[in-house]
Amino acid sequence: MLVSRGCRVYAPSLPGFGGNPPLPADQRTVAGYGEWAAQFLDAVDVGEAVLVVGHSFGGGVAVTLAHGHPELVRSLVLLNSVGGGRWQRAAGRPGYLGGRPVWSWTLQLARELLPPQRGVGLIVDMWYDVASNLVRNPCGLWEIGRMAAGVDLLAELADLASWEIPILALRGHADGVVPRKAFEAVCAALGREGSVIRGNHCFLLADPASFDEVMANVLAVGSGSATHPLLEAVP
């Protein structure tokens, strides 16, 4: 849909996903993935600053890409992004995040990938990708989950705001994966209000027409010209 609006879209699979080899162990950080994204942009020879869209863990990658290479990023759109500070561990319960165990967050994410209103075909397509990554790289998925739960990018976000890089933070009203307080922390670091839109954590997969509408509004209000390339940072 975005292509029909005149955008060139790059949607790379991150290292360790989609059959790609993982990053070396010493580079397996959110900043390491951001550096990989910068190398990707160089490899595809974009040649200009891009509008970067980061969803969930990809939002953290987008932030570190912009922070490490501000010359590559025209503007940022963060959708249900991680990075809003460390989720509090439940007292006396090691391994619990935000009062819930890691497996609970995983089940919630799985539930949001099963939108009953969208039909069997979409469900099968999405779960084929999820299952493929589970088979290829189960440890990598767990590592990403732990990394996403603990990442704190508030200082980086404050820097980006001071550098006057346009950033739009969006949250699905029914997001059950990234806590609302984490979204509010992101907005506070940016010094501006975010926007809450209808949808859950994975709404852009479950309802691509709504995602297209959101991005149409982003392009229309000047976060980037529709003729500029757009990078969607997703695992």
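**From T64 to the cores**

Q: What does the side chain of T64 reach at 3.1 Å?

A: A polar contact is a pair of N or O atoms within 3.5 Å; within protein, one must be able to donate a hydrogen and the other to accept it, and residues adjacent in sequence count only if both atoms are side-chain atoms. Here the T64 side chain reaches the backbone oxygen of V30, at 3.1 Å. This is a predicted model, where local features need pLDDT of at least 70 and side-chain atom pairs 80 or more, while totals for chains, interfaces and linings use all residues. Residues are numbered from 1 along each chain as its sequence is written, and side-chain values use heavy atoms, without hydrogens and water.

Q: Is T64 buried or exposed?

A: Buried means under 20% relative accessible area, exposed over 50%, partly exposed in between (1.4 Å probe, protein chains only). T64 counts as buried because its relative accessibility is 11%.

Q: Which residues touch the most other members of the largest nonpolar core?

A: A nonpolar core is a set of buried Ala, Val, Leu, Ile, Met, Phe, Trp, Tyr and Cys residues joined through side-chain atoms within 4.5 Å. In the largest, of 43 residues, they are Y33, F57 and L76. A second, separate core has 15 residues, including V53 and F203.

Q: With which residues is Y33 in contact, leaving aside neighbours within four places in sequence?

A: Contact means heavy atoms within 4.5 Å. Among the partners of Y33 are L14, F57, I144 and M147.

Q: How far apart are the C-alpha atoms of C202 and H55?

A: They are separated by 8.5 Å, although the residues are 147 apart along the chain. C202 counts as buried, at 4% relative accessibility.
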